[in-house]
Amino acid sequence: MTAIAFLLFACGPGAEVKSGRELYLAYGCAACHGANADGRGPAAALSQVKPRDLTNLGAYRGPSTVEGISNVIAFGTPGMPGYPDIPKREREAIAEHIRSLAKSPARVAVYDAWVRTPNPAVDVASAYMTLVSTANEPLSVVAVSSPLANIVEMHETKSVDGMMSMSKVSAVRIPANGTTKLAPGGTHLMLVGLRKPLPRQTEFTLRLDDGTTVTTTAVFLDEQ
Amino acid sequence: MNSKAALLALLLLFACAERKTHEKLMDVGAWQLVDHDGRGFRSESLRGQPALLFFGYTHCPDFCPTMMSTVARAYRKAGPDAQRIPTLFVSVDPRDTPPVLKQYLAYFGAVPARGLTGSKAQLDAMVKQFGASYVIHDSGSAAGPTVDHSVRLYLLDRDGDVVKLFDPQTKPEAIAAAMQSL
């Protein structure tokens with residue numbers, strides 16, 4: 001991956017002033033992140049870590065300010081090489097361009113999404129994640145989808161008087177500026193009709209009642 | 001009664017008192033189900049072995065695997081000697097036939113698990129004897145019926161008596177310690 005990145009860098013632009021979009025394309029950001037920055041560039045498949053969908057900054061941990069994005073470009077991340085030789089001014093122009101691509105500002109961030117490695121005997125699995133809202137009013141997750149399963153339902157597990165009761169719910173509420181945790185023994189996602197063979201990781205897209213969507217990647221964990 | 005017999009009776013009583021280090025919490029009595037190989041399995045089938053037991057079903061994506069992973073951790077903590085204590089996974093879900101149970105439980109390698117099911121009459125009697133309950137209902141899920149069920153983990157001693165009850169939040173260490181004490 002690094003070799004490809006350097007090759008792209010070698011073909012980088014000269015001294016003339018270019019727009020953030022031109023720099024984005026000239027430095028080869030599009031190879032992994034895609035020309036429209038959706039994380040689906042031609043070299044994305046070669047990367048061990050899924051390139052970030054830059055149009056949806058809020059769905060990922062990591063900086064979303066111009067300075068923060070500029071630093072990521074310079075120093076890289078565990079999944080992306082750094083490009084310290086791109087001048088700061090140009091890095092900032094690229095960062096501005098990336099910020100301009102962001103769809104509606106996502107007000108919910110998703111952290112720590114994981115799927116319990118499904119038992120091969122059954123065609124269901126559960127998934128968990130932490131939802132953090134920066135909205136000043138309560139929001140609700142009203143639908144969830146994933147390429148991993150035909151159907152993703154939201155379920156609540158309640159334990160009352162030593163009896164465990166599971167029920168499907170139509171929405172999961174996130175308090176204003178608050179956090180909702182989907183965790184074992186509580187609210188969780190139920191996946192029905194699993195894609196086989198299982199991929200190494202998957203993603204979930206959550207639709208909120210304000211019309212925005214948030215996409216997150218999820219890993220498989222075996223709690224045993 | 002002559003004095004020899006009295007002494008023998010006293011010795012026997014003493015031996016029993018020594019052996020019974022845990023108090024019986026409930027009198028579950030004898031029960032009969034079918035195991036994951038399709039063979040009859042009765043309370044006496046444990047043949048003097050302690051056992052863990054809980055109610056679950058394979059289509060349960062959240063609680064049952066969580067309980068199973070707690071139990072798996074307990075076995076790890078308790079060491080190899082604890083492998084003599086089977087875990088009985090009792091399903092009241094009609095979808096859980098013996099072959100389904102067997103395949104499901106094979107996944108939990110660290111746990112010497114035995115799946116149990118049975119006729120509705122057998123299951124209802126057994127559930128009642130354990131002071132448990134269950135309700136099968138349609139929750140509108142694409143995965144089919146939901147089984148609400150009791151979530152306690154039972155520890156049975158060598159006599160098949162329930163000597164410990166754990167709730168789902170119990171730490172694996174506590175379960176391991178109780179297993180080692182039997």
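## Fold of chain B

Which pattern does chain B follow when read along the sequence? The order is α-β-β-β-α-β-α-β-α-β-β-β-β-α, with five helices and nine strands in chain B. Helices (H or I, at least four residues) and strands (E, at least two) are DSSP runs, numbered from the N terminus.

The model is predicted: local features need pLDDT of at least 70 and side-chain atom pairs count only at pLDDT 80 or more, whereas totals for chains, interfaces and linings use all residues. Residues are numbered from 1 along each chain as its sequence is written, chains are lettered from A and ligands numbered from 1 in the order in which they are written, and side-chain values use heavy atoms, with hydrogens and water left out.

Of the 182 residues in chain B, 50% are buried (under 20% relative accessible area; exposed is over 50% and partly exposed lies in between, with a 1.4 Å probe and protein chains only). Contact means heavy atoms within 4.5 Å. Among contacts in chain B between residues at least 6 apart in sequence, 71% join residues at least 24 apart.

## Interface between the chains

The contact between the chains involves 33 residues from chain A and 34 residues from chain B. Together the two chains bury about 2,500 Å², of which 56% is on carbon and sulfur atoms; buried area is the accessible area (1.4 Å probe) that two parts lose on being put together, summed over both. In chain B, the residues that lose the most area to chain A are P61(B), D62(B) and Y107(B), together 28% of what that side buries.

Across this interface there are 15 residue pairs in polar contact, both residues being at pLDDT 80 or more. A polar contact is a pair of N or O atoms within 3.5 Å; within protein, one must be able to donate a hydrogen and the other to accept it, and residues adjacent in sequence count only if both atoms are side-chain atoms. The elements of chain B that give two or more residues to this side are α2 (63-78), α3 (98-106), β6 (134-137) and β7 (146-150). The largest share, six residues, comes from α2(B).

Strand β5 (residues 163-169) of chain A pairs with β7(B) in the antiparallel sense over two bridges; strands pair if DSSP finds at least two bridges between them. In this pairing, M163(A) stands opposite S150(B).

## Salt bridges

A salt bridge is a side-chain nitrogen of Lys or Arg within 4 Å of a carboxyl oxygen of Asp or Glu. The whole structure holds 18 salt bridges over all chains, but the count between chain B and chain A is zero.

Within chain A, E137(A) and R107(A) form a salt bridge at 2.9 Å, N to O. E137(A) lies in the loop between β2 (124-133) and β3 (139-145) and R107(A) in the loop between α5 (88-101) and β1 (108-116), so the pair ties together parts that are 30 residues apart in sequence. E137(A) is partly exposed at 33% relative accessible area, and R107(A) is partly exposed at 25%.

In chain B, D35(B), D37(B), R39(B), K102(B) and R114(B) are linked in a network of salt bridges. D37(B) has its closest N and O atoms 3.4 Å apart with R39(B) and 2.6 Å apart with K102(B). Because D37(B) lies in the loop between β1 (32-35) and β2 (40-42) and K102(B) in helix α3 of chain B, their pair ties together parts 65 residues apart in sequence. D37(B) is partly exposed, at 34%, as is K102(B), at 41%.
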